[in-house]
Amino acid sequence: MGDPSLRGKLANQQYEHLNTPANGYRVATAAEAMQAAAEGRIAFAAYRNPNGHGHIAAVVGETKGKPAIAQAGKKNYDFVGVNYGFSNRSQPTYFVRN
């Protein structure tokens with residue numbers, strides 16, 4: 001995604017990095033993340049799991065009015081609805097690069 005500061009970090013660490021405004025990101029709504037992706041800007045959906053591994057995915061567009069993501073993990077997707085990567089119990093926080 002063009003941000004080397006995220007390399008080598010696990011999902012929970014990436015979440016913390018994104019959630020630190022000094023690192024150039026801000027919390028956004030799903031609509032703002034979809035708009036950023038449509039404009040070619042970096043946007044993420046991320047879940048910090050306090051009891052284990054979190055999850056992070058790139059927001060790459062919109063499908064059926066919801067964010068579309070690309071992710072690597074147990075299942076890999078290059079364009080799929082956010083609900084395929086995040087369960088109802090692990091709703092993501094959206095981040096966009098300033």
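1. Arg97 is partly exposed at 30% relative accessibility (buried means under 20% relative accessible area, exposed over 50%, partly exposed in between, with a 1.4 Å probe and protein chains only). Its salt-bridge partner is Asp3, at 3.9 Å from N to O (the criterion is a side-chain nitrogen of Lys or Arg within 4 Å of a carboxyl oxygen of Asp or Glu). Asp3 sits in the segment before H1 and Arg97 in strand E6, 94 residues apart. Asp3 is buried, with a relative accessible area of 11%.

2. This is a predicted model, in which local features need pLDDT of at least 70 and side-chain atom pairs pLDDT 80 or more, while totals for chains, interfaces and linings use all residues. Residues are numbered from 1 along each chain as its sequence is written, and side-chain values use heavy atoms, without hydrogens and water.

3. The salt-bridge count is four. In another of these pairs, the closest N and O atoms of Arg48 and Glu16 are 2.7 Å apart. Arg48 belongs to the loop between E2 and E3 and Glu16 to helix H1, so the bridge ties together parts 32 residues apart in sequence. Helices (H or I, at least four residues) and strands (E, at least two) are DSSP runs, numbered from the N terminus.

4. Helix H1 (residues 11–18) is largely enclosed by the rest of the structure, because six of its eight residues are buried. Among them are Tyr15 and Leu18. The cover over the buried residues includes strands E1, E2, E3 and E6.

5. Lys64 has a positive phi of about 55 degrees, although it is not a glycine. Lys64 lies in the loop between E3 and strand E4 and is exposed, at 82% relative accessible area.

Definitions and conventions. Contact = heavy atoms within 4.5 Å.
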